[in-house]
Amino acid sequence: MFPFLFIKNGVDIIGDAEQITRIAVVRCDTVSEACPGIGCFKAFNKRTVKFEGYDDNTEMIAFFTCGGCSGRRLHRLMKSLQKHDVSIVHLSSCMQMKNYPKCPHIDEIKRTITNAGMQIVEGTHH
């Protein structure tokens, strides 16, 4: 970030603009046929459940499906996320919960994300 000058209580302060945390959510392609993602977005917007630790300097800049079994889309998308400074990828609740179809490729999906240098958070709104 570029240095900036601002005045706080009458004192000139030079500093860096606050760092923006950019996150993404990957979700199950099969479940996306029945789920529009409302729970994920509501939890992020209200900063609840798995998003409660984020402040107002956090942006959800990507929300996408895995591309279907075997998570084939992830590798290509990780490069795009890196270009846009995404540092954290949430695995949506539908990829984690027992009442949804079990993801047979979850370990490979996690490996792809961590190999791209991003942190994983398991879950969104449950």
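Which residue in β6 does Val89 stand opposite? In this predicted model, the residue opposite Val89 is Ile120. Let's start from there.

β5 and β6 run parallel and are joined by four bridges. They belong to an open sheet of four strands, ordered β4-β3-β5-β6, with parallel pairing. β4 and β6 are the edge strands; each has a single partner, so one side of each has no neighbour in the sheet. From one strand to the next, the twist averages 25 degrees. α2 packs on this sheet and touches β3, β4 and β5. The direction of α2 makes about 160 degrees with that of β4.

Now helix α3, residues 106–115. Ile106, Ile109, Thr112 and Ile113 are buried here. These four lie on the same side of α3, because they cover an arc of only 125 degrees around the axis. Just after α3 comes Gly117, with a positive phi of about 85 degrees.

On to the cores. The largest nonpolar core has 21 residues. Val26, Leu81, Met95 and Ile113 touch the most other members. At least two residues of this core come from each of β3, β4, α2, β5 and α3. There is also a second, separate core of 10 residues, including Val25, Cys40, Ile88 and Val121.

Last, Val26. Beyond its neighbours within four places in sequence, Val26 is in contact with several residues, among them Phe64, Leu74, Val89, Met95 and Ile113.

Conventions
Residues numbered from 1 in each chain as written. Predicted model: local features only at pLDDT ≥ 70, side-chain atom pairs only at ≥ 80, totals over all residues. Heavy atoms only, no water. Buried < 20%, exposed > 50% of the residue type's maximum accessible area, 1.4 Å probe, protein only. Arc of directions from axis to C-beta. Core = buried A, V, L, I, M, F, W, Y, C linked by side-chain atoms within 4.5 Å. Contact = heavy atoms within 4.5 Å. Pairing = 2+ DSSP bridges. Axes fitted to C-alpha atoms, helices over the stretch in contact; angles between N-to-C directions.
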